[in-house]
Amino acid sequence: RERNRRTRGVSSSSVSSSSEGLSAGKAALETVASFASGCASGVLSAVILQPTDVLKTKMQGNVLLNGAQQQKTVLAVTRETIKQGGVRALWTGTKPAIVRVGLGIGVYMSVIEVMRKKFGEVEKGFTATGKGGDLPGGHQVNEEGKVRITPLNALATGACARVIATILVSPITVVKTRVEYFGAEPRKNFVQCVMKLAKKEGLGGLYRGVLPNIASSVPFSAIYYSLYTSMQDRLAQADRLRDQPPVVRNLISSSCAAVVATLTTQPADILRTQAQLDFSSNSALKNAQLLYSRCRELGFRTLFVGSGPRVTKRIFQAILVWTVYEELFRMTAVMRTKLTTTSDGEDGK
């Protein structure tokens, strides 16, 4: 009898350790899937939408550095850019944009998935049956492998994820902004540009404008992600959209959330551009004073210079990134389910 008890104890502990290992492996797979899906969707959006970033930076830089006399429409800036460097000039800074967006969104999505599980809550009618399953800590996932999260927790999740991603890619952002406005240096790739920036301006140069960048990006992500998840839940319950594929809900949710978040954070974005284009000083006070003087010249509309290209970019970026991300993550969810099912079957043998 004693021997049987010991055998049972050993087998139960091995099953427990095996299930813990499977949970850890599944979590690791989900993190990798989030990062890969985020990188893929981010790179795609960076290549397609780079012209909107170039136009926005030029519009903002013209006003901030040269005053009211350089204020131009989107069409005028587009014609001027094409006249100077051809259609190819609209894609100036694409390489640092790809690295920045791919790495930034990959990190952002990975942090989102990790924190979504921490903040996730089980709601009525939301069970772990079918294709879903339980998560460590008592949370549950739906049939698409997603954790349900409240708007307040979504706000915190989006903000924290964006702070980490923004700080990580800040040096690349500075180089990208300057290349878009001043043009790329001949025979130098963006890595060499980052090294030159570090050598000339030090650590402060690498993180020039990081505070207004955070002040722009973090509220954007917090507002966007909170609205996005709230609209996803509401649209899922709407009778007209109940039979529609998930991609329709993704399109509507992402575009509406992008408009609100972009217009709300536009003033901080123009302050970021001002800081990153200024070579003379790294003083936040000086940059704020210069922006204030421009506001006195042009009025309140100074804060919204370049908002047209930025809103356009954010809408289509949100649609591309979140739609592609959700579809890729859903596809990988099937693969992850098969892998874990196979592992369970092998352990059962």
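Modeller: A charge is said to sit over a ring if NZ of Lys or CZ of Arg is within 6 Å of the ring centre and within 35 degrees of the ring normal. The model discussed here is predicted.

Colleague: Which residue lies over the face of Y108?

Modeller: The distance from the ring centre of Y108 is 4.3 Å in this case. The residue over the face of Y108 is R162.

Colleague: How many aromatic pairs are there, and is the pair of Y181 and F182 stacked or edge-to-face?

Modeller: The count of aromatic pairs comes to three. In the pair formed by Y181 and F182, the centres are 4.9 Å apart and the planes stand at 90°. Because planes over 60 degrees apart count as edge-to-face, the pair of Y181 and F182 is edge-to-face.

Colleague: Is F182 buried or partly exposed?

Modeller: Y181, the partner of F182 in the ring pair, is buried, with a relative accessible area of 15%. Buried means under 20%, whereas F182 has a relative accessibility of 44%. F182 therefore counts as partly exposed.

Colleague: What is the angle between the ring planes of F220 and Y224?

Modeller: F220 and Y224 are four residues apart in helix α7 (residues 210–237), and so are separated by about one helical turn. F220 is buried at 7% relative accessibility, and Y224 is buried at 3%. Their rings form a stacked pair, 5.9 Å centre to centre, with an angle between the planes of 5°.

Colleague: Which residue joins F220 and Y224 in a cluster?

Modeller: The cluster is linked by ring pairs. Together with F220 and Y224, its member is Y228.

Colleague: Which backbone oxygen does the side chain of S255 reach?

Modeller: S255 is found in helix α8 (residues 246–277) and is buried, with a relative accessible area of 18%. Leaving aside neighbours within four places in sequence, S255 is in contact with I315 and I319. At 2.9 Å, the side chain of S255 reaches the backbone oxygen of L251.

Colleague: Are helices α5 and α6 roughly parallel or roughly perpendicular to each other?

Modeller: Helix α5 (residues 170–182) and helix α6 (residues 190–206) pack with their axes 10 Å apart, at an angle of about 110°. The residues in contact include V174 and R178 of α5, and C193 and L197 of α6. Because angles of 65 to 115 degrees count as roughly perpendicular, α5 and α6 are roughly perpendicular.

Key
Residues are numbered from 1 along each chain as its sequence is written. This is a predicted model: local features need pLDDT of at least 70, side-chain atom pairs count only at pLDDT 80 or more; totals for chains, interfaces and linings use all residues. Side-chain values use heavy atoms; hydrogens and water are left out. Rings of Phe, Tyr and Trp (its six-membered ring) pair if their centres lie within 6.5 Å; planes under 30 degrees apart count as stacked, over 60 as edge-to-face and the rest as tilted. Buried means under 20% relative accessible area, exposed over 50%, partly exposed in between (1.4 Å probe, protein chains only). Helices (H or I, at least four residues) and strands (E, at least two) are DSSP runs, numbered from the N terminus. A polar contact is a pair of N or O atoms within 3.5 Å; within protein, one must be able to donate a hydrogen and the other to accept it, and residues adjacent in sequence count only if both atoms are side-chain atoms. Contact means heavy atoms within 4.5 Å. Axes are lines fitted to C-alpha atoms, for helices over the stretch in contact, and angles run from 0 to 180 degrees between N-to-C directions. Angles under 35 degrees count as roughly parallel, over 145 as roughly antiparallel, 65 to 115 as roughly perpendicular and the rest as oblique.
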